[in-house]
Amino acid sequence: MLKFLWISFWGKSVKQRRSRMGYLFLLPSLFFVTLHFIIPTIYNIVLSFSEWHIIRPLEFVGFEKYIDVLTSDEFWEALSRTLYFTLLSVPITITSALIVALALYRIGPRKGSALVRAMYFAPVVASLTAVAYIWTWMFNPAYGLLNEILKFFYLAPIQWLNDINQVIPSLSIMYIWSRLGFDMLILMSGLTAISPDYYEAARIDGANRWHSFWNITLPLLNQQLVLVCVVEIMMALKVFELPYAATNGGPVNASRTLVMHIYETAFQWNRMDEAAVASLALFVIILIVTALQHFFLSRKIHY
Amino acid sequence: MIISFPDKKKRRIYKENFLYIIMMIFGFLMLVPLIWVVLTAFKTEPEIAKLPITWLPESFLNFDNFVQMFAEQPFGRYFFNSITVAVISLISSTAIAVLAGYAFAKIEFKFKEFFFLLILSVFMIPAEVMVLPKYLMMAQIGWVNSYLGLAFPDLFTAFGVYLFRQFMSGIPDTYIDAARIDGASEIKILWHVILPLIKPALAAFIIIKFMFSWNQFLWPLVIGQKQDMFTVTVGLVAFSGQWYNQWNLIAAATVLSIIPMLLIFVLLQKHLVQGLVMSGTKG
């Protein structure tokens with residue numbers, strides 16, 4: 001009997017047994033996918049349709065919380081600030097990373113080139129909280145390095161993080177600085193994978209540098225560019241550490257981003273239900289943006 | 001053509017050298033904020049408030065800021081917490097990812113593609129949108145303010161599964177078939193045949209994972225509410241909140257929080273870069 005159960009579980013043939021092993025090896029991963037993503041997603045959706053109390057159980061209230069959140073100015077302001085930050089940061093990060101990658105590729109391997117690459121990459125290893133403090137000190141209106149440099153060139157000092165209109169661009173500068181190295185690295189790995197034969201062939205055909213960049217480099221770099229775009233947009237949309245540590249959302253909420261809004265709603269105001277709606281909104285936005293990018297940017301290129 | 005070939009080549013070399021110098025200058029500018037914070041960490045309070053600002057601290061042996069930092073807040077404990085969380089999540093996520101990666105790369109079973117897509121799609125969801133329900137789950141099972149709670153979202157990484165699958169797919173089947181014919185179990189094959197072959201991927205994964213774990217902020221902020229459960233990032237923010245405007249102290253704490261990653265970066269740069277590139281070049 002026991003032997004029968006054993007065989008029916010493990011399978012008779014070696015092949016069957018092996019495929020059972022496959023499932024077994026996969027089991028921990030699937031367990032955590034359920035625990036980390038499937039259950040929380042369902043929980044979040046349930047929460048968004050409920051009234052939340054610390055002690056009492058959840059109470060179903062339909063779309064009430066959605067209406068609360070979607071009619072509140074705070075949510076829309078946080079969202080529009082986050083989008084502004086993303087639109088400001090991502091294109092500059094990727095463009096400058098591409099320029100640096102192309103330049104370093106052009107220089108090619110030579111004495112010290114690894115060190116130069118490391119210079120651009122070094123900020124990546126710092127946590128965003130550390131980045132926030134490094135730059136808050138740089139941005140300090142009285143004793144900061146940046147205003148000192150402006151003074152050197154006889155330019156008027158800037159209030160940076162203390163000004164309602166300059167705070168988001170200032171945070172963008174931090175973000176660009178800390179993300180540039182990562183994007184550069186990915187783009188460089190794409191560049192080195194392009195066979196020099198293509199450029200040689202194009203040169204023989206009489207193409208100039210601009211033509212070969214536009215018709216060879218960019219299309220063959222497509223995969224890395226899409227990846228960098230997806231990652232950067234996602235990172236920018238969920239920006240939290242930078243405003244939290246550098247400005248705490250200030251001045252006058254001018255740098256309160258969406259994730260900060262979610263954090264405060266949930267953990268400072270104890271409104272878990274509304275925070276769940278806002279989380280879901282962020283989730284959907286990220287899904288749509290990622291899907292759109294895959295749809296528009298991912299092209300299979302055959303040469 | 002008026003310009004003869006050697007001149008053109010010479011001009012190209014000049015241009016490349018010029019570009020190299022430009023890139024070095026900009027590269028140095030990238031480092032300025034880091035250099036500036038390190039210099040600030042060695043300055044005294046009157047020094048940071050001096051105008052016009054001074055570049056170098058009066059003494060590089062002025063460790064007062066670091067001493068005060070440890071006296072004010074238990075940074076030793078924060079470091080211990082960060083390392084503990086990193087180690088727990090490293091062991092768990094590496095083991096789970098290696099198993100799954102092997103299954104996807106080298107074992108045939110039904111619905112393999114479906115499961116792989118499932119795990120890949122999870123890869124695309126940022127953890128931030130799941131913080132709230134995960135926190136409530138932790139609260140219900142009483143894992144708030146515990147190491148397991150801190151490590152919870154990091155116990156598994158879909159990225160690892162993907163990375164190891166890619167790497168193991170490159171191992172020739174003949175190696176494994178030979179072991180299978182000898183009667184070795186799949187676990188034995190994984191341990192004795194596969195693991196020695198995937199060392200570069202393991203090194204890369206461990207470093208990347210350590211970096212993500214070390215630099216995390218939102219989750220430890222939410223889950224480690226008591227001071228003795230703060231990680232380094234959370235402790236840094238708490239300390240800076242306490243010593244607002246004392247930039248010499250904040251700079252010291254910032255520098256110290258980066259040092260472990262900076263060491264890894266300097267010593268194991270090759271693996272770190274390799275890991276990031278591997279994480280970036282997914283098909």
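1. Let's begin with the meeting of the two chains, keeping in mind that this is a predicted model. Chain A brings 64 residues into contact with 70 residues of chain B. On the chain A side, helix H2 (residues 14-48) supplies the largest share, 17 residues. Sorted by class, the side of chain A that touches chain B holds 48 nonpolar residues, along with eleven polar and five charged ones.

2. Next, the domains of chain A. The domain assignment gives domain 1 as 2-48 and domain 2 as 71-297. Their C-alpha centres are 39 Å apart. Four residues from domain 1 of chain A and six residues from domain 2 of chain A make the contact between them. The domain 1 side of that contact has two nonpolar and two polar residues, and no charged residues.

3. Within chain B, have a look at helix H4 (residues 75-106) and helix H11 (residues 199-215), which pack with their axes 9 Å apart and at an angle of about 140°. Because angles over 145 degrees are needed to count as roughly antiparallel, H4(B) is oblique to H11(B). Their crossing is right-handed.

4. Taken by class, the residues of the contact of H4(B) with H11(B) are seven nonpolar, five polar and one charged.

Terms used: Residues are numbered from 1 along each chain as its sequence is written. Chains are lettered from A and ligands numbered from 1 in the order in which they are written. This is a predicted model: local features need pLDDT of at least 70, side-chain atom pairs count only at pLDDT 80 or more; totals for chains, interfaces and linings use all residues. Axes are lines fitted to C-alpha atoms, for helices over the stretch in contact, and angles run from 0 to 180 degrees between N-to-C directions. Helices (H or I, at least four residues) and strands (E, at least two) are DSSP runs, numbered from the N terminus. Angles under 35 degrees count as roughly parallel, over 145 as roughly antiparallel, 65 to 115 as roughly perpendicular and the rest as oblique. A crossing is left-handed if the near helix is turned anticlockwise from the far one by less than a right angle, and right-handed if clockwise. Ala, Val, Leu, Ile, Met, Phe, Trp, Tyr, Cys and Pro count as nonpolar, Asp, Glu, Lys and Arg as charged, and the others, Gly among them, as polar. Domain bounds come from an automatic or database domain assignment. Two residues are in contact if their C-beta atoms, placed from the backbone, lie within 7 Å.
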